[in-house]
Amino acid sequence: IHTWHGERNLAFERKASWVHDHIVQQPRIVRQGETWAEYIVGESDMLYFSLRRLEFETSVEDNTNGRFHVLTLVDGERIRIRSIEHPERYFDAEFMDMVVVPADMGRYVIENLRTEPICVHKTMLKDGFDAVIADGNGRFVPDTEYSVPMPSDGPREEIEQALIAAVERGMRSAADRGLRIGCTGIAFPGPFDFGLGIPLMTHKFRNIYGISLLDLLRTRTDVGPTMPVLFMHDVNAAMLGEMRCGNARGFANAALIALGTGLGFACCLDGEVQYAPTGSPRITVYKKPFRDGILEDYVAKRGFLRLYGEITGQDTGPSLTVADLGRMAGEGNPAARETFATIGRMLGEALRELIRKERIECLLLGGQISRSYAYLEPGLRKGLYGTACLRSIAPAAHIGHAAFYGLLARLDGLRPET
């Protein structure tokens with residue numbers, strides 16, 4: 001390492017006291033069982049990754065969820081890292097071995113091959129949100145899409161700093177291209193007061209409950225006091241995006257179902273997205289009474305995992321995801337396919353009367369689960385049988401970008417004339 005370059009990368013003002021105040025932190029538990037636990041031991045807004053510690057006696061399950069993990073055995077003699085779906089795929093690691101678990105591994109288990117307790121350090125990419133710069137014609141500027149880590153269960157300061165960093169990065173990127181940001185749009189889940197920019201969620205982002213993100217951006221970024229800033233419900237944004245340039249285009253009455261951890265719903269009637277006074281979707285379905293509970297309990301993530309467990313008679317474990325089930329269905333797993341077909345039918349049956357009442361012509365599926373639409377579709381069509389008004393059932397055309405297009409459509413009216 002050349003000392004000339006080294007000196008220019010050292011922050012000499014960051015003394016021991018600064019490190020203690022800004023970097024050193026107490027471990028905090030993420031999840032645990034009777035004989036195992038996972039802790040966060042290092043996260044910072046300066047890092048795009050999270051440092052974790054896994055402690056266990058016999059074994060612990062995990063899931064890459066499409067992002068690679070780096071594991072190091074720091075206490076103990078020998079472990080086996082094994083795929084749950086393909087048990088023949090495994091690697092035996094010894095003390096201080098460093099192992100990269102591929103992003104497509106999905107569910108895996110770490111097994112103790114000796115008798116003493118095990119400690120494994122895990123490095124993984126943090127959760128975050130996506131951003132992009134668009135020009136005055138509503139087209140994405142090439143090579144400007146980026147992601148910023150922001151854990152939904154993180155502390156207030158970390159979430160705030162992530163939002164600030166995202167906005168500042170976009171402004172720098174625009175300036176580097178000779179452009180100037182004229183307005184900013186942000187899609188967020190609810191509950192949320194979208195007019196005031198105040199999150200009201202308790203299931204995630206709970207540490208910024210009641211905090212004005214609009215004030216945050218105006219006082220701590222170059223957004224300043226005058227730049228137009230729009231906060232929009234993510235499902236409403238996706239609905240509007242699909243109306244403008246997706247699979248709902250040309251339909252007067254359309255609806256979008258967002259399946260993921262929860263159940264989101266938005267609709268467009270007579271060509272207009274339906275908003276509640278707070279900016280959330282006017283019509284919601286997640287609390288709709290269904291069987292012995294509410295609809296979200298049956299058709300969102302926990303419903304998928306519970307039903308798959310009932311069909312197979314197996315404990316699904318904390319690390320199984322719906323993405324895993326989709327992958328298994330694609331590989332021909334009968335239980336996974338039955339799970340998707342059954343939930344598709346339940347969803348259709350639950351929404352049938354609403355579809356008829358609002359004369360919905362186009363029904364779209366968004367969210368991460370919609371990536372497995374092919375396995376939901378047969379059951380969904382059965383559940384919706386008899387809805388004569390419904391002319392099209394399809395996945396969202398822009399699963400990853402529909403909300404961007406919706407924000408652009410709303411921002412078009414806010415953009416200053418320059």
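Let me start in helix H9 (residues 334–357), where Arg356 and Glu353 are three residues apart and therefore separated by about one helical turn. Helices here are DSSP runs of H or I with at least four residues, strands are runs of E with at least two, and both are numbered from the N terminus. Arg356 and Glu353 form a salt bridge, with the closest N and O atoms 2.7 Å apart. By salt bridge I mean a side-chain nitrogen of Lys or Arg within 4 Å of a carboxyl oxygen of Asp or Glu. Arg356 is partly exposed, at 35% relative accessibility; buried means under 20% relative accessible area, exposed over 50%, and partly exposed in between, with a 1.4 Å probe and protein chains only.

A word on the model. It is predicted, so local features need pLDDT of at least 70 and side-chain atom pairs count only at pLDDT 80 or more, while totals for chains, interfaces and linings use all residues. Residues are numbered from 1 along each chain as its sequence is written, and side-chain values use heavy atoms, leaving out hydrogens and water.

Back to the salt bridges, of which the structure holds 22. Asp62 forms one with Arg31, the closest N and O atoms being 3.5 Å apart. Asp62 lies in strand E4 and Arg31 in strand E1 (residues 28–32), so this pair ties together parts 31 residues apart in sequence. Both Asp62 and Arg31 are buried.

Another salt bridge joins Glu160 and Arg220, with the closest N and O atoms 3.7 Å apart. Glu160 is in helix H3 (residues 156–176) and Arg220 in helix H4 (residues 213–220), 60 residues apart. Glu160 is buried, with a relative accessible area of 7%, whereas Arg220 is partly exposed at 43%.

Next, the sheet. Four strands form an open sheet in the order E4-E9-E6-E7, with antiparallel pairing; two strands pair if DSSP finds at least two bridges between them. Which strands are at the edges? They are E4 (59–63) and E7 (90–94), each pairing on one side only. Inside the sheet, E6 (residues 78–83) and E9 (residues 107–112) pair over five bridges. Arg82 has Val109 in E9 as its bridge partner.

For Cys267, the nearest is that of Cys268, at 7.7 Å. Cys245 is partly exposed, with a relative accessible area of 32%, and Cys267 is buried, at 3%.

Conventions. Disulfide = S-S within 2.5 Å.
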